[in-house]
Amino acid sequence: MTREWAPAPASRERLPTHPEPSSLVDILERVLDKGIVVAGDIRVDLLDIELLTIRLRLLIASVDRAKEMGIDWWEHDPTLSSGARDLAAENRQLRERIGALEAGRTAGSGSRARRAESAVTPPPRSRNSSQ
Amino acid sequence: MYDAAAPPLTAHETIWVYAITHSGDHAGLTGLRGIGGGQIRALRSGPLAAVVESVDPGVFSAEQIQGRLSDPAELEAIARRHHDVVVAAAALGPTLPFRLATVYRTDDRVRGLLDQRRDEFCHRLGWLTGRTECGIKAWADPDVLVRERGTAEPADRGPGGRPASREAPGSADQSGAAYLFRRRAELTARVEGQRLAARCGDEIHAALGRLAVAAHRHPPRDSRTDGDEGVMVLNAAYLVESAQLAEFAEFAQASAAGAGALKVVVTGPWPAYSFADGPDALTCPRSLALT
């Protein structure tokens, strides 16, 4: 099969390439959402798994960005870690973090708010929580 | 017909299905282990074969499979191993990958699947022959797009087009009006940015779709700004002639640049997960500009 190739636009250089090995997100996107689906003999309910993987994909794709924005629910989600969470300690840390953010905002600097937030030690991560 | 390396059929067994291929030489799968640590084998019936693994039913009941797939670490291990087996099968010839998790009780049940849908699966394998799946992701910065291709009013203008900072001080009404005009301009610019970002993705997809045998577009993965590249404007899979994969990747980069994207990632070659349902299952690519 032959196709006409349009000439590359002269106004812009070719974009830099980012060769990467198959990322987990790309694999999950395919093995969970694509491919042949047949009933089989054993019915596996994928609804809960879909919920988890949606969160997992967001997690893998933007952990740093999310943490920068103060999103780190996976460090507190009991379904992703074994054992019970110390809610009192968690509340205290959240209050400290809010206080630090508000202090940073009053000072008028966004970057200062981020530094204040990172000064609050995150709770210890359980072995089962996702990376 | 039984594969010579297959374990003896027992009354209580569980078969994990990875993919469907033509019946033929699967010697390349010898020694490969699957998600349950078992031997990968080809289960043949007529012109087709299913790439399968016998797993321990005591460890892979419905509840146990669901439990494993619900654990992030196990899900990753199973997903990667399943994919590795599919890749190995695809290296030997046209392959229809299966989604997680397809399990049968006996070999005969799997052969029944191959026999019932023989014509359909043969048709799909023929369509995939000599072709490969390629993934394209692209990002654009809405602010840059508005600056370079937009028609919205600049956000720093007040009523009448004068710079907002030059509004007469002291009058509460005038400063309020200036603020409102500025806010409206900002909102207009944001909406314009979203519209242009969607159009950027649509343009790239349309260009690549014209060249590919088939195309499948996923919804954008994450609409929040992501680092310096902006928002994801395209996340799609294209079925292309294997011999033209490199040229397709080059053209994708050029198309993305021409449409105003700042970053494009080409992944692949992939086994044809996105096209395993065959040519008749595809819908026309939707424009996302209206969403």
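**Entry 1: one helix in chain B**

I began with helix 2 of chain B, where the buried residues are B:Pro72, B:Leu75, B:Ile78, B:Ala79, B:His82, B:His83, B:Val85, B:Val86, B:Ala89 and B:Ala90. Seen down the axis of helix 2 of chain B, these buried residues fall within an arc of 160°, so they line one face of the helix. A residue is buried if 20 or more other C-beta atoms lie within 10 Å of its own, exposed if 12 or fewer, and partly exposed in between, with C-beta atoms placed from the backbone. The arc is taken from the directions that lead from the helix axis to the C-beta atoms. Helices (H or I, at least four residues) and strands (E, at least two) are DSSP runs, numbered from the N terminus.

I then checked the length: helix 2 covers residues 72-90, has 19 residues and reaches 26 Å from its first C-alpha to its last, close to the 27 Å expected at 1.5 Å a residue. The expected span is 1.5 Å times one less than the number of residues.

**Entry 2: ground rules**

I reminded myself that this is a predicted model, where local features need pLDDT of at least 70, side-chain atom pairs count only at pLDDT 80 or more, and totals for chains, interfaces and linings use all residues. Residues are numbered from 1 along each chain as its sequence is written, while chains are lettered from A and ligands numbered from 1 in the order in which they are written.

**Entry 3: the two chains**

I found 4 helices and 0 strands in chain A, whose pattern along the sequence reads α-α-α-α. Of its 131 residues, 16% count as buried. Chain B has 7 helices and 9 strands, and buried residues make up 42% of its 291 residues. In chain B, 77% of the contacts between residues at least 6 apart in sequence join residues at least 24 apart. Two residues are in contact if their C-beta atoms, placed from the backbone, lie within 7 Å.

**Entry 4: where the chains meet**

How do helix 1 of chain A and helix 2 of chain B cross, and at roughly what angle? I saw that the axes of helix 1 (residues 24-33) of chain A and helix 2 of chain B come within 10 Å and cross at roughly 75°. The two helices are therefore roughly perpendicular to each other. That label covers 65 to 115 degrees; angles under 35 degrees count as roughly parallel, over 145 as roughly antiparallel, and the rest as oblique. Axes are lines fitted to C-alpha atoms, for helices over the stretch in contact, and angles run from 0 to 180 degrees between N-to-C directions. On the chain A side, A:Leu24, A:Ile27, A:Leu28 and A:Val31 make the contact, and on the chain B side B:Glu76, B:Ala79, B:Arg80, B:His82 and B:His83 do.

**Entry 5: strand 3 and its partners**

Strand 3 (residues 48-55) of chain B is mostly covered, with 7 of its 8 residues buried. Strand 1 (residues 14-22) of chain B runs antiparallel to strand 3 and is joined to it by 8 bridges. Two strands pair if DSSP finds at least two bridges between them. Strand 2 (residues 40-45) of chain B also pairs with strand 3 in the antiparallel sense, over 6 bridges. I wrote down one bridge from each: B:His22 partners B:Leu48, and B:Ile40 partners B:Glu53. The hairpin of strands 2 and 3 of chain B has 2 residues between the strands, and B:Gly46 there takes a positive phi near 65°.

**Entry 6: an open sheet**

Another find in chain B was an open sheet of 4 strands in the order 7-8-6-9, with antiparallel pairing. Strand 7 (214-217) and strand 9 (263-270) stand at the edges, each with a single partner strand, so one side of each is left without a neighbour in the sheet. Strand 6 (residues 131-140) and strand 8 (residues 231-241) of chain B are joined by 10 bridges.

**Entry 7: cis peptide bonds**

Which peptide bond near omega 0° is cis? I found the one from B:Gly268 to B:Pro269, and B:Pro269 sits in strand 9 of chain B. The bond from B:Leu100 to B:Ala101 is cis as well, with omega near -15°.
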